[in-house]
Amino acid sequence: MLRQRIITAAWLAPLTLIGLFGLQGGAFALFTALMVLLGAWEWTNLAGVVRQRNRLLLVAGLALMMVVMWLSGAAFAMWPLWIAALGWLLNLYWVTQYPDASQQWQATPRRLLMGLWVLLPCWVGFNILRDSGAIWLLFVLLLVWVADIGAYFAGRRWGRRKLAPRVSPGKSWEGVVGGLVATSLLALAFALWQPLGVAAGIALLIVTALVTLISVLGDLLESMLKRYRNIKDSSQLLPGHGGVLDRMDSLTAAVPLFALLYIQVLVQVLSL
């Protein structure tokens, strides 16, 4: 398994970095759309759709929605990000109340609807951040990766208090704190590197803390759905990695919410 994981990462990481930072405009939107559509294929399984033909039709429908959003300009609009913010508040309630509130979302159409406010705004967030400059896209990607690394090592070393034992028994509050410390250091380093100034640096620290917590929720949501479906991996599309959604579950929450806070908070502070 470790050997397969390394082989997959060896070609996946360079391809992803080239696509995210080597492309722009329509080419970038197409690349990220393909990422999201692969995630949507896995989401149909998490939603309980078993027949391959139906799964393909649902993914095709999402692709058509993306085309319409691109042609209409909605691929760069703010309203999908606000929908994501409201949707993730609802996701937070469902994760914290699992399994008691599972009857509210367990129907397949409801899980598919959940996928819309998880996946589509993520694509919009990617487009907005890339259009705003690759530096902010780089920051949110580093934020998610650093949060994951910080949480892993802090959880291994000090983890005692379970974060959500009924959803993901391996995660701890100590791991969350470790992730917050790691991303705060990243934000400080980024603020000094740019440089952003005191006000913008403080705003970035606050935004970073919020998005770090949101990224944890993205991971927990997929864990909840997999636990409900009683499956270990969302698919075998990425051998050794558990599926595409396993690689981008935190990003589905972090990217649209960071894009929203970037536009509503950071841009305003930076313009002062």
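On a 1 Å grid over the protein atoms alone, a pocket is an open set of points with protein on both sides within 12 Å along at least five of seven lines, while a cavity is a set of points where a 1.4 Å probe fits but cannot get out. Lining residues have an atom within 4 Å of a point. Grid points are joined across faces, edges and corners, and a volume is the space filled by probe spheres set on the points.

This is a predicted model, in which local features need pLDDT of at least 70, side-chain atom pairs count only at pLDDT 80 or more, and totals for chains, interfaces and linings use all residues. Residues are numbered from 1 along each chain as its sequence is written, and side-chain values use heavy atoms, with hydrogens and water left out.

**Two spaces**

The second largest pocket holds about 510 Å³ of space. Its lining has 24 residues. Leu92, Thr96, Leu213, Leu217 and Leu220 lie nearest its centre. Helices (H or I, at least four residues) and strands (E, at least two) are DSSP runs, numbered from the N terminus. α4 (79-96), β1 (162-164), α7 (173-193), α8 and α9 each supply at least two residues of this lining. α4 gives the most, with seven residues.

The structure also holds one cavity of 30 Å³ or more. Elements that give two or more residues to its lining are α5 (108-132), α8 (198-229) and α9 (244-270). Among the lining residues are Trp43, Trp88, Glu222 and Asp249.

Ala, Val, Leu, Ile, Met, Phe, Trp, Tyr, Cys and Pro count as nonpolar, Asp, Glu, Lys and Arg as charged, and the others, Gly among them, as polar.

| Space | Volume | Lining by class |
|---|---|---|
| Largest cavity | about 50 Å³ | six nonpolar, two polar, two charged residues |
| Second largest pocket | about 510 Å³ | 22 nonpolar, one polar, one charged residues |

Thr212 sits in helix α8. Thr212 counts as buried because its relative accessibility is 2%. Thr212 touches (heavy atoms within 4.5 Å) Leu143, Ala147, Gly179, Leu180 and Thr183, leaving aside residues up to four places away in sequence.

**The hairpin**

β1 and β2 (residues 168-172) pair in the antiparallel sense over two bridges. Pairing requires at least two bridges found by DSSP. Lys162 stands opposite Ser172 in β2. The two strands form a hairpin with three residues between them.

Technical notes. Buried means under 20% relative accessible area, exposed over 50%, partly exposed in between (1.4 Å probe, protein chains only).
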